[in-house]
Amino acid sequence: MDYFQSSKVGKPPKGYLYKRVLLKLSGEALLGNRSFGVDPQEIEHLARSIKKIYDAGIEIGIVVGGGNFFRGMSASKNGMDRAQADNVGMLATIMNALALQDGFEQNGLYTRVMTSIQMQQIAEVYIRRRAIRHLEKGRIAIFAGGTGNPYFTTDSAAALRALEIDAQCIIKATKVNGVFDKDPALHDDAQRYELISHRDVLAKDLKVMDAAATALCRDNNLPILVLDINENNVFEKALKGKHIGTLVTPETVEPKMYR
């Protein structure tokens, strides 16, 4: 795994694979059993899981979506102007970022919310060097507002921010435990990949992240770990090299599936 470690960031804590990671959360991951908004218990669970790696010295950036409040693409299909709908969606991600900040800090995690849209009364404007400095000082940087541009998803924002802050890996936390060859909710015979390349994800249209984000990771040799957000201590397990979830690797590899 040394292939993925960036010399700009330094050595990872003993027993861990990476020093700096970017965590991609969907807005839906914060719903819990609700149909709308944020479930504080979900944020509490997430904070406890992240604290394990935070206390170990892992530097963490987070990009959060806004689908639990508003989905720009869905609104545009119902007649709303796409650019305007995406602007509303970006504001939804900021609401989620502030909710995460509150929940994290109640659990002893120091944070900064940085947005791609100027909202100086409630968050810092995203500046790359300032974000890196926050990480170096042991603060979790929560990146909100997507890329600040319509027509780009928060997956693309995650890939972009990960590269800008020299993250060594993107961790995509979802409601399934990895990448499957078909939708496991619809197919009982769906098989989970242990290892697969960016190239094959794109060729097979596996929807790990959107195609633009996956291509950006491929072109910059950035691995993606896809994990089940509901598994206990999932981030600690993954960053210690346990065989959970799916690793999307920049190397040309033959897909390897769990049996």
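Predicted model: local features only at pLDDT ≥ 70, side-chain atom pairs only at ≥ 80, totals over all residues.
Trainee: Why is His45 called buried?
Mentor: Buried means under 20% relative accessible area, exposed over 50% and partly exposed in between, with a 1.4 Å probe and protein chains only. His45 has a relative accessible area of 18%, so His45 is buried. This residue lies in helix α1; helices are DSSP runs of H or I with at least four residues, strands are runs of E with at least two, and both are numbered from the N terminus.

Trainee: Which residues does His45 touch, not counting residues up to four places away in sequence?
Mentor: Ile229, Asn230, Glu231 and Asn232. Contact means heavy atoms within 4.5 Å.

Trainee: What makes a set of residues a nonpolar core?
Mentor: The set consists of buried Ala, Val, Leu, Ile, Met, Phe, Trp, Tyr and Cys residues joined through side-chain atoms within 4.5 Å. The largest has 41 residues, of which Ile50, Leu100, Phe104 and Phe235 touch the most other members. The largest share of this core, six residues, comes from α1. Leu100 touches Leu25, Leu30, Ile43, Leu46, Ile62, Val64 and Ile142, leaving out residues up to four places away in sequence. Apart from this core lies another, of 29 residues, including Tyr193 and Val226.

Trainee: How do you know that the N-terminal end of α7 is capped?
Mentor: A side-chain oxygen of Asp210 lies 3.1 Å from the backbone nitrogen of Ala212. A polar contact is a pair of N or O atoms within 3.5 Å; within protein, one must be able to donate a hydrogen and the other to accept it, and residues adjacent in sequence count only if both atoms are side-chain atoms. In α7 (residues 211-219), Ala213, Thr214, Ala215 and Cys217 are buried, and their cover includes α5, β6, α6 and β9.

Trainee: What makes a space a cavity or a pocket?
Mentor: On a 1 Å grid over the protein atoms alone, a cavity is a set of points where a 1.4 Å probe fits but cannot get out; a pocket is an open set with protein on both sides within 12 Å along at least five of seven lines, and lining residues have an atom within 4 Å of a point. Grid points are joined across faces, edges and corners, and a volume is the space filled by probe spheres set on the points. The largest cavity holds about 30 Å³, and its lining includes Ala29, Glu42 and His45. The largest pocket has a volume of about 1,000 Å³; of its 40 lining residues, Lys24, Arg71, Thr154, Asp155 and Lys172 are the closest to its centre.

Note on methods:
Residues numbered from 1 in each chain as written. Heavy atoms only, no water.
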